Amino acid sequence: MSTMTQAPVAPEADGGYVLRTAAPADLGGARAVMLDTVYRDLKSGYVPRWHADIIDPEAAYLRPARCTLLVVEHAGEIVATGAVRDRGPQAPPNPRWVADRFPSGTTAQLCRIYVAPGHRRRGLARRLVRELCDFAARAGEYEAVYLHTDPAVPGAELFWRSLAEEVCDERALPGGGQGIVHFELPMPVPGTPLR
């Protein structure tokens, strides 16, 4: 288990939604939200080299000291997820200069910020991002908060543009790269509201 004591995420009971740090009992529900998203929204299906963390979220997010997995529960069901991992984007497949700007170890990568369709447009993703950024700031040794998104997912690009600064839109690269957009969020002071 993680040697760093995670500050508990304050449960938010707004509308019956409770946001908290995942426990081992939550992993099945979290995995279901994640797999549903990669099949339905990302349309990639499960790809082992991209999605191994979905199959073993305990090893990916619960055991490492500077990683975390948050879940949102509603009526006894996990309806949203969000995670921080302690590695930056790799090159390839990402552009070398993006990987160099966000090295593993000093980069908190936000990932798996997924909300089940029937629970969207309630501010859950924004709350997850706020808590994940606070976690990164408390964890220490992180110098940057990075993420990438697939702009083909409805609403994803607009959501991230409302919170983060674009670093690289691969659609503008020769050949279009992977077609994803890379973003950076400012490293927060814990508890500071997102814009």
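How do α1 and α2 lie to each other, roughly parallel or roughly antiparallel?

Modeller: Happy to! Please keep in mind that this is a predicted model, in which local features need pLDDT of at least 70, side-chain atom pairs count only at pLDDT 80 or more, and totals for chains, interfaces and linings use all residues. Residues are numbered from 1 along each chain as its sequence is written, and side-chain values use heavy atoms, leaving out hydrogens and water.

The chain has a mean pLDDT of 89 (the predictor's confidence in each residue, from 0 to 100), and 90% of its residues reach 70 or more. Residues 1–8 fall below 50. Where pLDDT is low, the predicted coordinates should not be read in detail.

Now to your pair. Helix α1 covers residues 27–40 and helix α2 covers residues 48–55; helices (H or I, at least four residues) and strands (E, at least two) are DSSP runs, numbered from the N terminus. Their axes are 9 Å apart and cross at an angle of about 155°, where axes are lines fitted to C-alpha atoms, for helices over the stretch in contact, and angles run from 0 to 180 degrees between N-to-C directions. The two helices are therefore roughly antiparallel (over 145 degrees; under 35 is roughly parallel, 65 to 115 roughly perpendicular, the rest oblique).

Which residues meet there? From α1 come Arg 31, Met 34, Leu 35 and Val 38, and they meet His 51, Ile 54 and Ile 55 of α2, where contact means heavy atoms within 4.5 Å. By class, this contact has 5 nonpolar, 1 polar and 1 charged residues. (Ala, Val, Leu, Ile, Met, Phe, Trp, Tyr, Cys and Pro count as nonpolar, Asp, Glu, Lys and Arg as charged, the others, Gly among them, as polar.)

Buried means under 20% relative accessible area, exposed over 50%, partly exposed in between (1.4 Å probe, protein chains only).

Leaving aside neighbours within four places in sequence, Trp 160 touches Leu 110, Ile 113, Val 129, Leu 147, Thr 149, Phe 183 and Leu 185.

For contrast, look at Cys 168, which belongs to strand β6 (residues 165–169). Cys 168 counts as buried, at 4% relative accessibility.

Most residues other than glycine have a negative phi, and most peptide bonds are trans. Ala 75, in the loop between β2 and β3, has a positive phi near 50° and is exposed at 74%. In the loop between β3 and α4, Pro 92 is joined to Ala 91 by a cis peptide bond, with omega about -15°. Another cis bond links Pro 92 to Pro 93, with omega about 10°.
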